Amino acid sequence: MLAAGLHCRTRSSGRTAATPTDVQPGKGARGWAGGVPGPHNQRNAQAAWAIGKLLGIGRADAERALAAFEGLPNRLALVAERRGVRYYDDSKATTPDGALVALASFDAGRIVAIVGGYDKHIPLDALADALAARCKAVIATGAVGPQVAALVEARRRGCAPEVV
């Protein structure tokens with residue numbers, strides 16, 4: 001399932017990244033500017049900063065390093081930007097859980113997701129819920145494509161998302 005992974009097409013929000021702060025669990029630390037989207041990557045950056053701080057790495061050095069970090073290949077990797085639309089490759093997300101993390105990384109209603117691949121005989125309901133709730137369009141491919149398409153269609157609200 002999801003061997004093709006999740007490829008997101010989303011328009012740039014135009015928002016600027018927040019200034020980093022010290023990591024203070026439970027006190028709402030603000031985000032770090034960086035090349036990888038998603039709340040899970042913000043948590044990774046905060047953890048890296050916490051360790052770096054303990055090792056005596058200065059804030060300015062940490063900011064530069066985190067801003068330059070582009071992430072790993074095929075894991076929410078920005079592959080192109082055309083006319084304000086960003087294209088991401090998350091083909092390492094080969095399970096519904098991985099795809100759910102990726103979907104949560106982008107603004108709802110702006111995502112065109114390509115999902116499908118091999119049928120691993122695992123539940124797809126949570127993925128279908130998220131696709132229906134967060135995507136502008138869903139392109140379902142591969143052996144599991146028809147099943148994903150049917151599940152998302154059953155959860156549609158009005159005319160969104162468009163399912164292909």
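**Strand pairing and nonpolar cores in the predicted model**

In strand E3, Asp-89 is the bridge partner of Ala-77. The pairing belongs to an antiparallel arrangement in which strand E2 (residues 77–82) is joined to strand E3 (residues 85–90) by five bridges. The two strands form a hairpin, with two residues between E2 and E3. Within the turn, Arg-83 has a positive phi of about 50°.

Helix H3 spans residues 96–103, and its buried residues are Pro-96, Ala-99, Ala-102 and Leu-103. These four lie on the same side of H3, because the arc they cover around the axis is only 120°.

Leu-103 also figures in the largest nonpolar core, which has 24 residues. Together with Leu-131, Cys-135, Val-148 and Val-152, Leu-103 is among the residues with the most contacts inside this core. At least two core residues are supplied by each of H3, strand E4 (111–116), helix H4 (125–134), strand E5 (135–141) and helix H5 (145–155). The most is given by H4, with five residues. In soluble globular proteins, nonpolar side chains tend to be buried together.

The surroundings of Val-148 were examined individually. When residues up to four places away in sequence are not counted, Val-148 touches Val-115, Leu-124, Leu-131 and Ala-140. Another core, of five residues, lies apart from the largest one. Its members include Trp-32, Ala-45, Ala-62 and Leu-66.

Key. Residues numbered from 1 in each chain as written. Predicted model: local features only at pLDDT ≥ 70, side-chain atom pairs only at ≥ 80, totals over all residues. Heavy atoms only, no water. Pairing = 2+ DSSP bridges. Buried < 20%, exposed > 50% of the residue type's maximum accessible area, 1.4 Å probe, protein only. Arc of directions from axis to C-beta. Core = buried A, V, L, I, M, F, W, Y, C linked by side-chain atoms within 4.5 Å. Contact = heavy atoms within 4.5 Å.
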